[in-house]
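Here are my notes for someone opening this structure for the first time. Have the model on screen and go through the points in order.

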Amino acid sequence: MLIEATPFDFPCRRDGLALVIIDMQCDFILPGGFGESLGNDVSRLGAIVPTVARLLAGFRRAGLPVFHTRECHRPDLSDLTDAKRDRGAPDRRIGDMGPMGRLLVAGEPGAEIVPALAPLPTERVIDKPGKGAFTRTDFEAQLVNRRVRQLVLAGVTTEVCVQTTMREANDRGFDCVLASDATESYFPQFKAATLEMVVAQGALVGWVSTTDAILSALDV
Ligand code: TIU
């Protein structure tokens, strides 16, 4: 099965394919969260929710595994490095109180995935303290246990957590295809640059496709 993609069609094996939705959390997508505290206009990110929901519904209809990630920290912040806490110049820092609870802290409303994309009980949720989903998590073991070899990636932000996770996955031997209309950045130029750079040099990091092309290849 081929998924129409750039720089060339993605040779997909349905058996071994999973969807990974990165960090579609209130803290990045809604006003008052961590993303806004960094000085970003969060409205761009909310616009992709319906497209990610369509991709998610397609994978559910196809009976293929779905993984959700959340960037968040333990309430005692013992998994938050000083370097991460002190970086940038946000109004409020990770762990500080905001309108959706403590920023990027597990269990707080802001750290939850937006309701339109809420995970089903059968879907794995990977909480991660870094930008990449493989760093200090059991994500790789979860993928190996489910015999997953190929990933469709979606979520936010394209150049930060999505790209970092895609690079980590590629280095671990997973084929990755990024759904270009189901990912977004606070900075359009960073999204565009990421889409270009991952497919460069013959898909050095992976492929880029669209939600329609992926769903049409899955025939769902
Ligand atoms: N999930 C994710 O991308 N975390 C970030 O901090 N992204 C920013 O673009 N800041």
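1. Start with Gln142, which you'll find in helix α6, residues 139-145. Keep in mind that this is a predicted model. Is Gln142 buried or exposed? Its relative accessibility is 16%, and the cut-off for buried is under 20%, so Gln142 counts as buried. Leaving aside residues up to four places away in sequence, Gln142 touches Phe67, Arg124 and Ile126.

2. The largest nonpolar core has 44 residues. Which of them have the most contacts inside it? They are Met24, Leu55 and Phe59. Several elements each supply at least two residues: β3 (17-22), α1 (26-29), α4, β8 (150-156), β9 (175-184) and α9 (211-218). Of these, α4 gives the most, with six residues. As background, nonpolar side chains in soluble globular proteins tend to be buried together.

3. The buried residues in α4 are Val49, Thr51, Val52, Leu55, Leu56, Gly58, Phe59 and Ala62. After the helix comes Gly63, with a positive phi near 70°.

4. Now zoom in on Phe59. Not counting residues up to four places away in sequence, what does Phe59 touch? Its contacts are Leu17, Ala18, Leu19, Leu64, Pro65, Val66, Val152, Ile214 and Leu218.

5. Last, the ligand. Around it you'll see Asp23, Phe28, Phe34, Leu38, Glu71, Lys131, Val156, Thr157, Val160, Cys161 and Tyr186. Lys131 puts a polar side-chain atom 2.9 Å from an oxygen atom of the ligand. For Thr157, an N or O atom of the side chain is 2.9 Å from a ligand oxygen atom. Val156 uses its backbone instead, with an N or O atom 3.3 Å from a nitrogen atom of the ligand. On its own the ligand has 280 Å² of accessible area, and the protein covers 93% of that.

Key:
Residues are numbered from 1 along each chain as its sequence is written. This is a predicted model: local features need pLDDT of at least 70, side-chain atom pairs count only at pLDDT 80 or more; totals for chains, interfaces and linings use all residues. Side-chain values use heavy atoms; hydrogens and water are left out. Buried means under 20% relative accessible area, exposed over 50%, partly exposed in between (1.4 Å probe, protein chains only). Helices (H or I, at least four residues) and strands (E, at least two) are DSSP runs, numbered from the N terminus. A nonpolar core is a set of buried Ala, Val, Leu, Ile, Met, Phe, Trp, Tyr and Cys residues joined through side-chain atoms within 4.5 Å. Contact means heavy atoms within 4.5 Å. A residue is near a molecule or strand if one of its heavy atoms lies within 4 Å of it. A polar contact is a pair of N or O atoms within 3.5 Å; within protein, one must be able to donate a hydrogen and the other to accept it, and residues adjacent in sequence count only if both atoms are side-chain atoms. Accessible areas come from the Shrake-Rupley method with a 1.4 Å probe; for residues, only the protein chains shown count as cover.
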